[in-house]
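We'll walk through its pockets, its charged pairs and its rings.

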Amino acid sequence: MLRQLPVNQIETSVFKAIERSAYELPADYLQALAAAGGQESSPLGRSILLTLRDNAAYAREQRIATCQDTGMAILSLRIGQDVHITGGDINEALESAVRRAYKDLRKSVVADPLLRGNTGDNTPPIITYQIVPGDRVEITVMMKGFGAELMSRLKMFPPSVGVEGAKEFVLETVEKAGPNACPPVIIGVGLGSSFDGVARLAKKALLRPLDAVNPAPHLQQLEQDWLDAVNALGIGPQGFGGSVTALAVHIESFPTHIAALPVAVNLNCSAPRRTTVVI
C-alpha cells in the first residue's frame, strides 16, 4: 500500500532543517573538534580549535549563522518507492523551503555563471533524488560554502596510477588549498563512476557523519591512512601550522570503466552545516 505524503510536509521539514543548520553544527562534528583539541601539537592550533568550538556554541545560543557564507543549498532526498507525494510539485516545494529559510541569510546564488545577476533568494537549490525501498523520505540538507568548494578538484586518471596516484592527488589538493578551505577540513573523496558521477560521490561522502566509516574494509583502511597523511602535511587549523589539518577523510566508490580511475576531492570547511530528517 502506498503511503500518502503531502508535499507541504516535505517543504516544512526542509525549511526547518536549513534554518537549524545555519546556526547548529552537527554533534558528530563538535565531538570531532573536541577530540582534535587533544591531538593538536601546536599551541596556536589548539587555541584556534577552541575558538571554533566557542563560535559554534555562541551561534547556537544566539541563533545566528556560524559563518557569513551561508552557501548554496544542497538537498539530497532518498524517497521510498512506497511513498506517493501529493498536493503539488516537489521541486517547487523545495525551492520554496530554501527561499523561506534564506530570507534573513546571505544570498549567494547568481542566476547565470557569466552574467552574475543574483537570484535574490538563494534559489535554486541543487537537488538529487534516489529511489529506495520503504515508505519514508530521508532528506539531508547541506549549506555548502564556496571557500572550500573552490579548492575542490576532479581528475580522470588511467587505472595505472593505482591507489598511490589517487592518494597523491588527494594530498596535492589539500596542500594547494592550504588555508583557503578553512581547515580543519572534512575531505570527501569519490572513486569510480564517470566524469559527472565521481563528483557526486565526493559530495555524497561529505554527508556522512564524521564518525561513520566506509563499510568496505579496504576503503575504511584508506580513509584512515589518507587522513594520517593529510595531517602529516602540517597545514594545521586555519593554515597556521599544526597536526590537525583534517577531521575526516570519507570515501565513496562506484564501479567504473576498465579504461579509467576517476577521482574527485570535495572539501568542506570547518563549519559543516548539514542536517538529516526522516519523514
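Helices (H or I, at least four residues) and strands (E, at least two) here are DSSP runs, numbered from the N terminus. What you're looking at is a predicted model, so local features need pLDDT of at least 70 and side-chain atom pairs count only at pLDDT 80 or more, while totals for chains, interfaces and linings use all residues. Residues are numbered from 1 along each chain as its sequence is written, and side-chain values use heavy atoms, with hydrogens and water left out.

Let's start with the empty space. Rolling a probe the size of a water molecule over the atoms shows where empty space is left. On a 1 Å grid over the protein atoms alone, a pocket is an open set of points where a 1.4 Å probe fits, with protein on both sides within 12 Å along at least five of seven lines; a lining residue has an atom within 4 Å of a point. Grid points are joined across faces, edges and corners, and the volume is the space filled by probe spheres set on the points.

The second largest pocket holds about 320 Å³ of space. Of the 21 residues lining it, Cys67, Cys182, Cys269, Ser270 and Ala271 come closest to its centre. Helix H3 (43-62) and helix H5 (146-149) each put at least two residues into this lining, and H3 gives the most, with 4 residues. To sort a lining by class, count Ala, Val, Leu, Ile, Met, Phe, Trp, Tyr, Cys and Pro as nonpolar, Asp, Glu, Lys and Arg as charged, and the others, Gly among them, as polar. On that basis the lining of the second largest pocket has 10 nonpolar, 9 polar and 2 charged residues.

Now move to the largest pocket, with about 780 Å³ of space. It is lined by 29 residues, and the closest to its centre are Ser76, Thr128, Gln130, Lys204 and Leu207. The elements giving two or more residues to this lining are strand E2 (72-80), strand E4 (126-132), strand E5 (137-144), helix H7 (195-206), strand E8 (246-256) and strand E10 (273-278). The largest share, 6 residues, comes from H7. By class, the lining of the largest pocket splits into 12 nonpolar, 8 polar and 9 charged residues.

While you're at H7, find alanine 202, which sits in that helix. Alanine 202 and isoleucine 187 are 15 residues apart in sequence and 8.3 Å apart in space, C-alpha to C-alpha.

On to the charges. Side chains of opposite charge can pair when their charged atoms come close. A salt bridge here is a side-chain nitrogen of Lys or Arg within 4 Å of a carboxyl oxygen of Asp or Glu, and the structure holds 13 salt bridges. One of them joins arginine 106 to aspartate 69, with the closest N and O atoms 3.2 Å apart. Arginine 106 lies in the loop between helix H4 (90-101) and E4, and aspartate 69 in the loop between H3 and E2, so the pair ties together parts that are 37 residues apart in sequence. Arginine 106 is partly exposed, at 41% relative accessible area, whereas aspartate 69, at 14%, counts as buried.

Which residues are linked in a network of salt bridges? Look at Glu95, Arg99 and Asp121. Arginine 99 meets glutamate 95 at 3.6 Å, N to O, and both lie in helix H4, 4 residues apart, about one turn of the helix. Arginine 99 also meets aspartate 121, at 2.9 Å, N to O. Aspartate 121 lies in the loop between H4 and E4 and arginine 99 in helix H4, so this pair ties together parts 22 residues apart in sequence. Arginine 99 is partly exposed at 36%, glutamate 95 is partly exposed at 27%, and aspartate 121 is buried at 16%.

Last, the rings. Rings of Phe, Tyr and Trp (its six-membered ring) pair if their centres lie within 6.5 Å, with planes under 30 degrees apart counted as stacked, over 60 as edge-to-face and the rest as tilted. By this rule the count comes to 1 aromatic pair: phenylalanine 157 with phenylalanine 169, edge-to-face, 5.5 Å centre to centre and 80° between the planes. Phenylalanine 157 is in strand E6 (residues 153-157) and phenylalanine 169 in helix H6 (residues 162-177), 12 residues apart. Both phenylalanine 157 and phenylalanine 169 are buried.

Conventions: Buried < 20%, exposed > 50% of the residue type's maximum accessible area, 1.4 Å probe, protein only.
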